[in-house]
Amino acid sequence: MLNRISTFLYRRPKLVLALLLLPPLLWFVVVYLGALLTMLINSFFYLDGFTGKVVPEFTLRTYAKLFETTNLQIFGRTTLMAALVTLACVAIAFPLSYYIARFASPRLKTWLYLAVTIPLWSSYVVRVYSWKLILAQEGIVSWFARLVRLDGVLGWYLGLPAVGGPSLSVSATGVFLVFVYIWLPYMIIPIQTALERVPKSLIEASGDLGANSAQTFRNVILPLAFPGVVAGSIFTFSLTLGDFIVPSLFGNSSFYIGKAVLAYQGTSGNIPLAAAFTMGPIVIMVVYLLIARKLGAFDAL
Amino acid sequence: MSDSAVLFKNVSRHFGDVKAVDDVALEVKDGEFFSMLGPSGSGKTTCLRMIAGFDRPTSGHIYLYGQDVSNLPPYERSVNTVFQDYALFPHMTVEDNIAYGLMIKKVSRAQRMKQVDDMLDLVRLPGFGHRKPSQLSGGQRQRVALARALINHPKVLLLDEPLGALDLKLRQQMQVELKNIQQRVGITFVFVTHDQEEALTMSDRIAVFNQGKIEQVGTPAEVYEHPATSFVASFVGTSNLVSGEVAKRITGSDARFSIRPEKIHLAAPSQQMGAEMFAADGKVRDVVYLGLYTRYLVELDGGGDLVVVEQNLKTTSMDVMKVRGQKVRLFWQKDHVRYVGG
Amino acid sequence: MLSKKKSQPPGERASWGLKLGSLAALLFLHVPIWLIFLYSFTTDESAYTFPPPSLTLKWIPQAIANPAMQEALMLSLRVAALATVMALILGTLGAAAVYRYDFFGKEAISFFLILPLALPGIVTGIAIRSAINLMQIPFSFWTIVIGHATFSVVTVYNNVLARFRRTSGTMVEASMDLGANSFQTFWHIVLPNISTALLAGAILAFSLSFDEVIVTTFTAGQQQTLPIWIFGQMLKPRNRPITNVTAMLVVLITALPILLAQRLTARSSDTEGEKS
């Protein structure tokens, strides 16, 4: 019986292909693309301010709202945060990636690779939670500041506008620190991959041609690692743009894109505005990806 | 028809616009060691894959011992294959690899193990049953692949460049061994190779493929001595192909002909020939001493080159080098000349 | 472990600055997780005081017995299990299709499958939320599972496809050549060769689903998965010691299988899948 089914299928490779491809394709087209489409449709509806109900009529007035000053500020603030987080991640990730790629012995390399991937895969919420413990007023950072008698500096810093707040756990600085911590592994791995593709002979050749190690680093290694940096930045940038957990937990009252989307769809039930808002990060990411492709980042993924 | 093991009737296989196999007719006789020889992309491997059932003809029919198998899947044909990369199952021991076909046929375990031992003896790997393929050398894997196919007593055994991955010495040893095994088990072997020497050594008959078509089928001697086309003449061994004006000066006709380098003799320019000989005059432009024999490149007086090979029966490298630049007369027997078309 | 001897030629040693920078980055990645373990044993119930005034084991049984936590944990486990099964089926089918056949748009498939993971989580979240809203589907267990399965497929797909590509393609032909039909070939040859990849993919899919919070926020309605419960506890801390212990449990539940998955993919790349 099975033999006959098998032979039946053997003579019809196109049917087999269809049977294999149909379930995942159907799922993604119906569930995922379908959902994205309803999001797009929703963004052209609007919320009636009096009844509090979504009016299913085509309109651009929801999109017009995105250009109000407060909303433009939200986009600006989030993009700036994403950019700063990305830069900080590059600065912290590069030495470690460089060490793993060029100096670690194979055995040590396996361990270091694990040390980077475990935080990447282990629970996101819990990793965020750990910073609640760290940044709390009575937590380890304040304790350490007192220990080295820098609590005055910390107090002064928290008094600054824009970056400060009542405590580190309620400040833009707190949001920034947690973002850097959470997305750092996404930066380390692509840079390391890119660095490992730099052939040893190239580095030797550069030394051979009379470059000292600093020159070799600047002229050979850095340009070749750059696609990896761009690839990593796709993650850090995109993930920061879309996150609402961290700003909700560590931020003050100022909104970020994710937090705004959550608030619009949740408390006010304004799904059209939430959907239109989401188009923001999508557009920013598409532009970013196009630039990244120009810079050759997709080879390093 | 019953004594033809494999029969191709107007078989074509197209991949899009590419005619990988183009209207091929072919017959392999029962018990024969049959080689399909040709450069890569000539259609020989596609033909093999169609016999095995991995590929199906776009048009035409394939018969195995009289049965039309064109539409049968691989597991319903009594044909087995030795793959170029051996395709051993990495998660199974050598024993389980060899017994795989029997296990599928639900042969009892005791029976299986006995036959596996026989096979391991046949391919000279006794005691290797419990190893994993990754613990074997290339030559040993190749023997296991052979045993795994032969244990099923296929009517035809297909070999897809099985010696390609081995080094020269091992390859020559395996050529002899394969031929021995074939004679012992008496199964029809269809052997695909791009190595003309391999095909000439091992085969009863050879089919020479080029661009999806068969150029010639014959015994090694026939293919070598009487190449049917200029392609065969140049692909199997080396040949001097002479045509046009140069041919006319030598033979009196401008028909294209081929002459093997080893059939040509070197002589002093004044040497007289009998009527059964062709002759041509020229100057030795280059000499390559190759130990067993020496290769001369002779520039003919009226234009064109001929390659001549002579065994170093009495000559030394010092002697042959002196010939460079000298005027010579070349001659060869008229019946060693093959007039070839295309 | 950074001071281990390295097999580099002289003059190629890492500078002290580089070593310190690497060590700092590693500590930055790991110290916060250690702190979670420390805080699970603190006697301080109302604040995150450091150093802990004193240590105790009493929160662990209390946390495990907490009904809200238990309920959230059970929901998370059920969702993750079902999402993993769906990801296994869809991901394996997709990988097999892409590996065995050539078809129009094949190159786009990988890109397409990774989209839900690569785009910001709120995109997938709000998209599914819009669909739920537009079609007036009530929130349920299933709305969570659908969201999770969608972004988990790619982990299985990537693992299985990578394994297919590493194993010799002629093995399937060899099996059929030796008399096995497609089903026998799948059972005896294909499955044993991709089993570790399936397991690794499943583990990753499971942990991805188990601690997902962003998409879930939009698809869960009033229900609480464990990450959402923890998120709620962080917004309005009611029961800090229990949250601390739960956080530690989540780290263990996700990190240990990940270690296993790493081993599975690393080991099999040495021995299996020879490619002449």
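**Cavities, a pocket and selected residues in a predicted model**

A search of the whole structure finds three cavities of 30 Å³ or more. The model is predicted: local features need pLDDT of at least 70, side-chain atom pairs count only at pLDDT 80 or more, and totals for chains, interfaces and linings use all residues. Residues are numbered from 1 along each chain, chains are lettered from A in the order in which they are written, and side-chain values use heavy atoms, without hydrogens and water.

Student: How much space lies in the largest cavity?
Tutor: On a 1 Å grid over the protein atoms alone, a cavity is a set of points where a 1.4 Å probe fits but cannot get out, and lining residues have an atom within 4 Å of a point. The lining here includes B:Y224, B:H336 and B:R338. Helix 7 (220-225) and strand 12 (257-259) of chain B each give two or more residues to this lining, helices (H or I, at least four residues) and strands (E, at least two) being DSSP runs numbered from the N terminus. The space in the largest cavity is about 70 Å³.

Student: Which helix gives the most to the lining of the second largest pocket?
Tutor: A pocket is an open set of points with protein on both sides within 12 Å along at least five of seven lines. The second largest pocket has a volume of about 1600 Å³, and among its 41 lining residues A:V16, A:L20, C:R100, C:Y101 and C:V172 lie nearest its centre. With eight residues, the element that gives the most is helix 8 of chain C.

Student: Is A:V30 buried or exposed?
Tutor: A:V30 is placed in helix 2 (residues 13-43) of chain A. Buried means under 20% relative accessible area, exposed over 50%, and partly exposed in between (1.4 Å probe, protein chains only). Because its relative accessible area is 56%, A:V30 is exposed.

Student: Is C:I258 buried or exposed?
Tutor: C:I258 belongs to helix 11 (residues 240-271) of chain C. Its relative accessible area is 2%, so C:I258 is buried.

Student: What separates the C-alpha atoms of C:I258 and C:P53?
Tutor: Along the chain, C:I258 and C:P53 are 205 residues apart.

Student: What percentage of the residues of chain B count as buried?
Tutor: Chain B has ten helices and 18 strands, and its C-alpha atoms fill a box of roughly 80 × 45 × 35 Å along the principal axes. Of its 342 residues, the share that counts as buried is 52%.

Methods
Points joined across faces, edges and corners; volume = space filled by probe spheres on them.
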